[in-house]
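Reader: Please take one part of this model and go through it closely. I would like the packing described first, and then whatever else can be said about the surroundings.

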Amino acid sequence: MAESCQLLVHNAAAIVDWSADNQTYTALAAKDGKVVALGDSREILANWKPKQTMDAHGGLVVPGLIDAHTHPVFVVGRAEEFDWRAQGVDYLEIAQRGGGILSSVRHVRAASAEELLFHVRRHFQGMRQHGTTALEAKSGYGLSVESELASLKAIQAAADEEGMQVSATFLGGHMIPQEYREQPEDYVDLLCKEMLPAVVEQGIAQAADVFIEEGAFSLVQARRFATCALEHGLQLRIHADQFHELGGVQMAVELGAQSVDHLEALSDSGLEALALSGQTFAGLLPTVPHFLRQKQDAPARKLLQAGVPYFVATDFNPGSSYTPSLPEAAHFARIRLNLTAEEALWGMTEGAAKSLGWSQKGHLRPGADADLLILDLPDLFHFGYAFGENPVRAMVIGGEPLACSS
Ligand code: NIG
Ligand code: FE
């Protein structure tokens, strides 16, 4: 007798479940929000009696995409910087002119709680339209006690209202704010003595992040902040080796960070440290060098060859990667990082989930959360092949189909 279940998806070209058994399944059953069975369509239709059925019409079924590095708490874009860059001004010079991150900070500080919530929700909706079902979201455009707390609260409220699973990261170490430009050590004091305790007391972040770069935080300052964050029980996710190698990768590995992201300037010794660790994920952000007209990409092939765990993310933000689309990031991962379609998709599903400690997300093996996409693609080779196209035809979160606008 057929067993009842919540949802049955059938008639897929294939289901990418990331199990090691090399079987091609075309149907799946979900119950109580979890995947309970995979098989061929005839077998699953015979064995399960669902409340709802979805016909994949020969599309590819994949785990819901997970964006493990985003900056969604900003109010307006910074499109004028695009023209400055066309005139030859680079990202670090823009920051020195008071543009860049600090210009986003001025807008976020001036926004009300309602405005922040409105914009974060809008950004989450954009991501979801492109297949993101869960994500990591950073603050980092507040850089004061009040404004960082407001940013993290906006992330939490938007996650609740949009029904998105979100892991929030306190990026108080994004940049030294203008008022501390002459006394950066005082800002590190503020981070450690006031901001971290307040964030932890309110329970609104799972991790802390710092941007280690010339013009942002030195290695010494970053280490102080990261050590305080660990003492407060937060995980670490670190921005390092984007333009200059300052030792941030080695520090991240030494402190047991969940991830160290960017890595365009990664040296062989940094790569060795990551390979030896086997724990700290390499966060690959392939749209960023494109957006910044940067020649150098992260040495992704070397990282994968060395067995370094990795994820692929959008780095969605107004200054260095203004796209909410992981399928678009997959295209850049294939073109610029020389990843295969399978490697790119793994990095934005299972790899991303593992880096965030989510063992039931990012795959579709029995027991996984039933978060999945039906893509308008005939096979996995087509994932990240086109660009400027949204392949998401339907989305399911926790076994419940969501309306898709694309
Ligand atoms: O990951 N590199 C530092 N932070 C962001 C950019 C933020 C911005 O420019 O607004 C990044 O690229
Ligand atoms: Fe970033």
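Author: **Helix packing and the metal site**

In this predicted model, helix H7 (residues 184-202) packs with helix H8 (residues 219-231) at an angle of about 5°, and their axes are 10 Å apart. Angles under 35 degrees count as roughly parallel, and H7 and H8 are therefore roughly parallel to each other. On the H7 side, the residues in contact are Pro184, Glu185, Val188, Asp189, Leu191, Cys192 and Leu196. In H8 they meet Gln221, Arg224, Phe225, Cys228 and Ala229. Sorted by class, this contact of H7 with H8 has eight nonpolar, one polar and three charged residues.

Leu356 sits in the loop between helix H15 (350-355) and strand S15 (372-375). Buried means under 20% relative accessible area; Leu356 has 9% relative accessibility, so Leu356 counts as buried. Leaving aside residues up to four places away in sequence, Leu356 touches Ile66, Ala68, Glu136, Ser167, Arg237 and Gln258.

Next comes the metal site. The iron ion (ligand 2) is coordinated through NE2 of His69, His71 and His239 and through OD of Asp315, at 2.0 to 2.3 Å. Along the chain, the donors of this iron ion follow the spacing H-x1-H-x167-H-x75-D.

Two packed helices are described by the angle between their axes and the distance between the axes. Helix H5 (residues 113-129) and helix H6 (residues 145-162) pack at an angle of about 50°, with 9 Å between their axes. That angle makes H5 oblique to H6. The crossing of H5 and H6 is right-handed. H5 contributes Leu116, Leu117, Val120, Arg121, Phe124, Gln125 and Arg128 to the contact. The H6 residues that they meet are Ala150, Ser151, Ala154, Ile155, Ala157, Ala158, Ala159, Glu161 and Glu162. By class, the contact of H5 with H6 has ten nonpolar, two polar and four charged residues.

To put the two pairs side by side: H7 and H8 are roughly parallel, with the angle of about 5° as the reason, whereas H5 is oblique to H6.

How values were computed:
Residues are numbered from 1 along each chain as its sequence is written. Chains are lettered from A and ligands numbered from 1 in the order in which they are written. This is a predicted model: local features need pLDDT of at least 70, side-chain atom pairs count only at pLDDT 80 or more; totals for chains, interfaces and linings use all residues. Side-chain values use heavy atoms; hydrogens and water are left out. Axes are lines fitted to C-alpha atoms, for helices over the stretch in contact, and angles run from 0 to 180 degrees between N-to-C directions. Helices (H or I, at least four residues) and strands (E, at least two) are DSSP runs, numbered from the N terminus. Angles under 35 degrees count as roughly parallel, over 145 as roughly antiparallel, 65 to 115 as roughly perpendicular and the rest as oblique. A crossing is left-handed if the near helix is turned anticlockwise from the far one by less than a right angle, and right-handed if clockwise. Contact means heavy atoms within 4.5 Å. Ala, Val, Leu, Ile, Met, Phe, Trp, Tyr, Cys and Pro count as nonpolar, Asp, Glu, Lys and Arg as charged, and the others, Gly among them, as polar. Donors are N, O and S atoms within 2.8 Å of the metal (3.2 Å for Na, K and Ca); water is not among the atoms, so sites may look incomplete. Buried means under 20% relative accessible area, exposed over 50%, partly exposed in between (1.4 Å probe, protein chains only).
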